[in-house]
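Here is a short note for a first look at this structure. Please keep the 3D view open as you read the points.

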Amino acid sequence: MTWLMYLALGAFAGTLAGLFGVGGGLIIVPVLIISFKLQGIGGDLVTHMAVGTSLATIMFTSLSAIHTHHGRKAIDWRLAGMISVGIVVGAWLGGYTADKLSGPLLQRLIGLFAWLMAAQMLFSLAPQGAAKLPGKPVQAAVGGIIGWASGIFGIGGGSLTVPFLTWCSVPMQRAVAVSAVCGFPIALVGALSYVVHGMAHEGLPAQAWGYVYLPALLGISLASMPFARFGAILAHKLSAPALKRAFATFLIIIGAKFLFFPG
């Protein structure tokens with residue numbers, strides 16, 4: 001039954017990720033927190049396990065996205081590489097930072113982030129004006145900030161990388177492709193950080209590598225990739241504004257739960 005639950009979660013997260021065009025982390029993290037609690041595992045570290053496991057699953061879904069964008073020759077590898085230099089450092093520090101936070105505080109931060117993403121979707125918030133793409137040192141520094149935040153929230157960084165690049169006058173298609181590439185080092189280094197920093201804690205389940213819970217990782221990864229493609233197909237048949245409102249409502253509810261009733 002546990003395997004079936006994780007497969008169902010992967011299918012659900014993959015479908016919604018494909019539908020709404022966001023990384024699965026915004027969906028996987030809150031649902032994993034709830035499911036871990038229902039199973040009675042994780043204790044005070046349940047939130048850390050959810051974030052670490054989410055990052056590990058994004059490694060596999062990001063590879064699928066990279067393959068698709070590369071086939072369309074949409075990836076600016078030089079730009080992606082420079083941003084990823086900062087991302088590697090930031091994602092590791094994100095895992096370190098989260099390890100120092102209590103479970104309830106981490107949940108409140110995730111809830112606040114969910115509300116910010118809901119506001120962005122409802123009101124189409126984006127940086128105003130247009131800037132030029134900054135030099136390589138600034139690109140790496142921004143990558144560090146994106147990696148750090150993504151490591152804390154368990155996301156692939158697309159909700160941060162794409163707005164920054166489009167504000168810097170990078171065409172949307174190119175921005176999305178670069179964001180897809182950047183999602184892999186975020187997930188890889190972030191997940192490794194959660195594994196290493198989680199090893200020192202007692203009370204974790206037997207099938208956990210640090211803060212990464214292997215049964216959930218396997219089940220979600222197996223189902224999320226094919227269902228993400230299904231969700232993308234479905235998105236073309238449904239109303240985009242209605243989909244955004246529905247997902248924003250989901251994020252508002254999840255955000256309220258974690259902000260006001262953490263633990």
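1. Start with K257, which sits in helix α10, residues 240-260. Keep in mind that this is a predicted model.

2. Next, the surroundings of K257. Leaving aside residues up to four places away in sequence, K257 touches K37, Q107, P262 and G263. K257 and A130 are 127 residues apart in sequence, and their C-alpha atoms are 36 Å apart in space.

3. Turn to helix α2, residues 25-39.

4. The buried residues include G25, L26, I27, I28, V29 and P30. L32, I33, S35 and F36 are buried as well. Just after α2, G40 takes a positive phi of about 75°.

5. Now the helix pair. Two packed helices are described by an angle and a distance between their axes. Helix α6 (residues 136-153) and helix α7 (residues 158-167) pack at about 155°, with axes 9 Å apart. α6 and α7 are therefore roughly antiparallel, as the angle is over 145 degrees. Their crossing is right-handed.

6. Which residues meet there? From α6 come V142, I146, A149 and S150; from α7 come L160, T161 and F164. The residues of this contact divide into five nonpolar, two polar and no charged.

Key:
Residues numbered from 1 in each chain as written. Predicted model: local features only at pLDDT ≥ 70, side-chain atom pairs only at ≥ 80, totals over all residues. Heavy atoms only, no water. Helix = DSSP H or I, 4+ residues; strand = E, 2+ residues; numbered from the N terminus. Expected span 1.5 Å × (residues − 1). Buried < 20%, exposed > 50% of the residue type's maximum accessible area, 1.4 Å probe, protein only. Axes fitted to C-alpha atoms, helices over the stretch in contact; angles between N-to-C directions. Parallel < 35°, antiparallel > 145°, perpendicular 65-115°, else oblique. Left-handed = near helix turned anticlockwise from the far one by under 90°. Contact = heavy atoms within 4.5 Å. Nonpolar A, V, L, I, M, F, W, Y, C, P; charged D, E, K, R; others polar.
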